[in-house]
Structure formats: structure tokens, C-alpha cells
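Please look over the structure below. A short report on selected local features follows.

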Amino acid sequence: MSGTLSDVEERIGTVHKLSAVIAAMRGIAASRLQDANAHVGAIRLYADTIGEAIGQALGLSEAERAAPTSAAGDGALHIVLCAEQGFAGNFSARVLEAAQHALVEADRTHEVLLIGDRGLLIAHDYGITPSWSAPMIAHPARTAHLAGRIAEAVFQRIAGGRASSVTILHATPGGTEGYDVVHKRLVPFDYGRFPAPETMLEPRITLPPEDLLARLVEEYVFAEISEALMLSFAAENEARMRAMIAAHDNVTASLEALVGQARRLRQDAITEEIMELATGSLPAR
């Protein structure tokens, strides 16, 4: 490092401000992570309730409990959840790498619904051209709205014969880096996951059993998309929090180096002044 004492002191002030910004971003990420973890439990409880209803509806309909249902069409639809905001390390890159691998393995036409502006910015680097995109949630309260939009886009494509399978690819908290990337199938819908009800009393319904079951399946898919969104949001903030911790360590090291340099420059200035006084070269004041 080089520079005058005033320059170094100015850089120290700048680094202090940067450290405060990093600390604030880390705090926001930690708060959002905690909020997301609380919402995941509620979403899973909702999904379990719908699952119980599906188990009861299966007893009223002719749907096969053991075999997944098939949708019309021969295309594959992939929902890919990336980050909406920056400072999350290689979060979106890891998700897109996994998506790229999944698309290469597919042996049929595919379509991608991409969520998250950060992922959209670099998707072309991975050979991914989404046919539909939307911003990722910035707060858990927006989950239901975005999940509804995604579910609507999915069911439109299934009804139009454009997809016979639907998968969602997203990050989830855990792993050595704070998150893992998972790939989950939504369609064909697997009825085998829902056990028969323990009670023998038939529920009172106001819809034909097949219509009731179809609506419950749509609601369950909505719940699965909502859970994936919340898990991805939690993982994104976990990644951001870890990135801010690493940034804080780097800033702390830089600050220590600058403070050390400032002390040396200040000592050099004092030593120089003493030497000038000792030799009588310092002009009288």
C-alpha cells in the first residue's frame, strides 16, 4: 500500500462505511431467512391437509392410487427458481448449471419457466432460453401470488398439450455451502403418496368425485410450488448471509492493514519532525 496519511485515513473511513453496509445486508438476510423458515412450516401443514383430502377423494373416484397420472402432450416443462437480488455468491449459477444438466439429459422437447431476475441475466450463458419468466419473491408475503402465476402458466401448457411432465428445480437450505439444488417432479401426479383415510365415514361432497379430485390435485401442486418458492427464498438468503460473512472478513482484514499503514505513516511523520528539530532544520514558529 502507498499514499499519504490523509489518503489512508480517508480510505479507512470508506472501509468503515462499507463494513456498516455489509453488516446491514447480513442482518436483513438473516431476518428474511428466519421469516422464510417460519412460513415453510405453514405451507407444509397446508399441503398435508390437501393431501389428506386427496386420500379421501381417491376413495370416491376411480383414479389409480398406485400409478402416476399422465398428461396429454409429449413435452417437458421445467420450472427453474433463481435469485432475484445480488450478493448471493454463485447461487443462480449453481441452479442454472443443474438446469442445464437436466435439459441435456432430456430426450424430448422442453420448455423453461425461469423465476428470478439474476438468473434471467445469465441464463443465456448456460444455453437456456426461457419461454416465460417472472421476478422471484423479495418477501414471503408474495409467495401465494407468484405461486398462483406459475401454477396458471403450468396448467395452461398442460391443457394445451404442450407438456406431459412438469418438474421444478430449486435450491433448498442445507449442504456444505448452505444450500443444495433439488429436482422435483410435479406432473405426472403420483397418487400413491396419499394413504387411504383411517375412518370409514365418507365425506360429504358437493362436486362429482372426479372434479373434486382434479381441483384438489391443482391445489396440491400450488402448495408444492409455494413450498419450493419459500425454500429457494430461504436458500438465497442463506447464501447471501454467508457471502456477507466472507465479505466482512475481507473488509476486516483490509481495515487492519489500513490502520497499520496509518500508524506507520503517522510514526514516520513524527520521527521526521523530531529529526528536523534535532538538526535545527525545522523553521522557527
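## The loop between strand 1 and helix 2

Phe 87 sits in the loop between strand 1 (76-81) and helix 2 (91-105). The model is predicted. Phi of Phe 87 is near 60°, a positive value in a residue other than glycine. Phe 87 is exposed, at 57% relative accessible area.

Glu 84 belongs to the loop between strand 1 and helix 2 as well. Glu 84 is buried but has no salt bridge. Its nearest side chain of opposite charge is Arg 118, 7.5 Å away. A salt bridge requires a nitrogen-oxygen distance within 4 Å. What does the side chain of Glu 84 reach? The backbone nitrogen of Asp 117, at 3.0 Å.

## The cavity

How many cavities of 30 Å³ or more does a search of the whole structure find? The search finds 1. The largest cavity holds about 30 Å³ of space.

By type, the lining has 3 nonpolar, 2 polar and 4 charged residues. Helix 5 (residues 209-279) contributes the most, with 4 residues.

## Salt bridges

The structure holds 9 salt bridges. One of them pairs Glu 9 with Arg 266, with the closest N and O atoms 3.0 Å apart. Glu 9 lies in helix 1 (residues 5-58) and Arg 266 in helix 5, so this pair ties together parts 257 residues apart in sequence. Glu 9 is partly exposed at 39% relative accessibility. Arg 266 is partly exposed at 35%.

Glu 224 forms a salt bridge with Lys 184, and their closest N and O atoms are 3.3 Å apart. This pair links distant parts of the chain: Glu 224 is in helix 5, Lys 184 in strand 5, 40 residues apart. Glu 224 is buried, with a relative accessible area of 4%, whereas Lys 184 is partly exposed at 32%.

Arg 242 and Glu 238 form a salt bridge, with the closest N and O atoms 2.9 Å apart. The two residues are 4 apart in helix 5, so about one helical turn separates them. Arg 242 is partly exposed, at 37% relative accessible area. Glu 238 counts as buried, at 14%. Elsewhere, salt bridges that share partners join Glu 111, Arg 157 and Arg 162 into one network.

## A cis peptide bond

Val 187 and Pro 188 are joined by a cis peptide bond, with omega about 5°. Pro 188 lies in the loop between strand 5 (179-187) and helix 5.

Technical notes:
Residues are numbered from 1 along each chain as its sequence is written. This is a predicted model: local features need pLDDT of at least 70, side-chain atom pairs count only at pLDDT 80 or more; totals for chains, interfaces and linings use all residues. Side-chain values use heavy atoms; hydrogens and water are left out. On a 1 Å grid over the protein atoms alone, a cavity is a set of points where a 1.4 Å probe fits but cannot get out, and a pocket is an open set with protein on both sides within 12 Å along at least five of seven lines; lining residues have an atom within 4 Å of a point. Grid points are joined across faces, edges and corners, and a volume is the space filled by probe spheres set on the points. Ala, Val, Leu, Ile, Met, Phe, Trp, Tyr, Cys and Pro count as nonpolar, Asp, Glu, Lys and Arg as charged, and the others, Gly among them, as polar. Buried means under 20% relative accessible area, exposed over 50%, partly exposed in between (1.4 Å probe, protein chains only). Lys and Arg count as positive and Asp and Glu as negative; His and the chain ends are not counted. A polar contact is a pair of N or O atoms within 3.5 Å; within protein, one must be able to donate a hydrogen and the other to accept it, and residues adjacent in sequence count only if both atoms are side-chain atoms.
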